[in-house]
Structures are given as C-alpha cells and as structure tokens.
Amino acid sequence: MSKAIKQNLAESKKMSAELFCLTYGAMVTEMLKDYEDPKDVTVQLDKMGFNMGTRLADDFLAKNANVPRCVDTRQIADVLCRNAIPCYLGVSATASAWTSGDREFTITLESNPLTELVQVPPNLVSAGLSYSQVIAGAIRGALEAVHFKVYASATDSGANTDIRIRFDQVLKDSLPAGEDD
C-alpha cells in the first residue's frame, strides 16, 4: 500500500474518532437534559456500553481466533489490555491495583478518546456523572457474553481513565455443552 493511501486512511480514522467523540459528548449533554440527575445518566451510559459490549465480544472473537480462552482474571486483564482496548479504542492500557485473590483490578487508559475534546464540569462529576462509564459497561457486556460476570466502573482523573473491574462469577448456566471445566 502506498504511503499516501496509508496517510489518508490514518487521517480518515482520526476524523471518524473525532466525530464519534463529539457525537458522544452531544449525546451525554442531551441525556443530562432528559434525566436531570447525573447518576441516572451514568446508569444509562453503563446500559448502552453493556449492549455494545455484548456485540463487540462476537466481533472480537471472530477477528482474534488466536486469543486463548481465559480461565482467570489475570488472563482477562491481559487480553483486555493487549488486544481488546487497543483494537477498539486505539489506546494502550495497563492493569494494576490487584486485590488479594486477584478478584479485582484496575485498567488504566493512558489516554481516553472520549475525553480528548471535552471538559466535564467538576460539579457534574461530584454529582455522580461518570462520563466514560460507557467503556466500563462495554467491558462488562463483553465479559458477560463470554460467561464472566463482573462489575465495572469508570473514573476520569486528569489525563487518565481508570476502570475498576471486580470479578463476580463464571456464568456456568449459560456455558455451551462441554465447556464447563
């Protein structure tokens, strides 16, 4: 592929990402008008993210056939940070702040495309708005689609976004036959 075509593709992706971020910001603004309570908006963003995540799981598995089946939270964190987040958000991520027993950890996005072009007023954050909760919801939805029930919450702090993930259980009732080991 020629250098000019690669450059045009890169510029097109950047423009698409910027358009998405601006559209997302406008949507959150409208939701704040509709729901009035920032906590209710956070709940709705989580639901939207969950629905996106359940669909992204199929897409991710189809595109990444070489990713092994995860059996513990360390493997889940590794796949999220090395494969899924860079693939869908185009940013790098790290897992840290593990609790004893490895049931809870934090994923830190070094830059968040959703917050690059916006500044969330501090009064909305203190009132309970988690602007990036859609990402946490998407992670929760994707993991539930592959039979892991987790709780996820997002916190935007300066340049970083932290997503706290707590493992709850393996959803054995919905495992396909032969995969209950």
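Modeller: Let's begin with "contact", which here means heavy atoms within 4.5 Å. By that rule, Ile76, Leu80, Ile85 and Leu89 in helix 3 meet Ile135, Ile139 and Leu143 in helix 5. Helices (H or I, at least four residues) and strands (E, at least two) are DSSP runs, numbered from the N terminus. This is a predicted model, where local features need pLDDT of at least 70, side-chain atom pairs count only at pLDDT 80 or more, and totals for chains, interfaces and linings use all residues. Residues are numbered from 1 along each chain as its sequence is written, and side-chain values use heavy atoms, with hydrogens and water left out.

Biologist: On to the strands. How do you know that strand 2 and strand 4 pair?

Modeller: Two strands pair if DSSP finds at least two bridges between them. Six bridges join strand 2 to strand 4 (residues 160–170), and the two run antiparallel. Strand 1 and strand 2 pass too, with four bridges in the antiparallel sense.

Biologist: What order do the four strands take in the sheet?

Modeller: The open sheet has the order 1-2-4-3, with antiparallel pairing. Strand 1 (93–96) and strand 3 (148–157) are the edge strands, as each pairs on one side only. From one strand to the next, the twist averages 25°. Helix 3 (residues 73–89) packs on this sheet and touches strand 1, strand 2, strand 3 and strand 4.

Biologist: Why is Thr106 called buried?

Modeller: Buried means under 20% relative accessible area, exposed over 50%, and partly exposed in between (1.4 Å probe, protein chains only). Thr106 has 11%, so it is buried. Thr106 sits in strand 2 (residues 104–109), and five of the six residues of that strand are buried, so strand 2 is largely enclosed by the rest of the structure.

Biologist: What makes the link between Thr106 and Arg164 a polar contact?

Modeller: The term covers a pair of N or O atoms within 3.5 Å; within protein, one must be able to donate a hydrogen and the other to accept it, and residues adjacent in sequence count only if both atoms are side-chain atoms. The side chains of Thr106 and Arg164 make such a contact at 2.5 Å. Arg164, in strand 4, also stands opposite Thr106.

Biologist: Last one: is Gly90 buried or exposed?

Modeller: Gly90 has 63% relative accessibility, so it counts as exposed. You'll find Gly90 in the loop between helix 3 and strand 1.

Note on methods:
Axes are lines fitted to C-alpha atoms, for helices over the stretch in contact, and angles run from 0 to 180 degrees between N-to-C directions.
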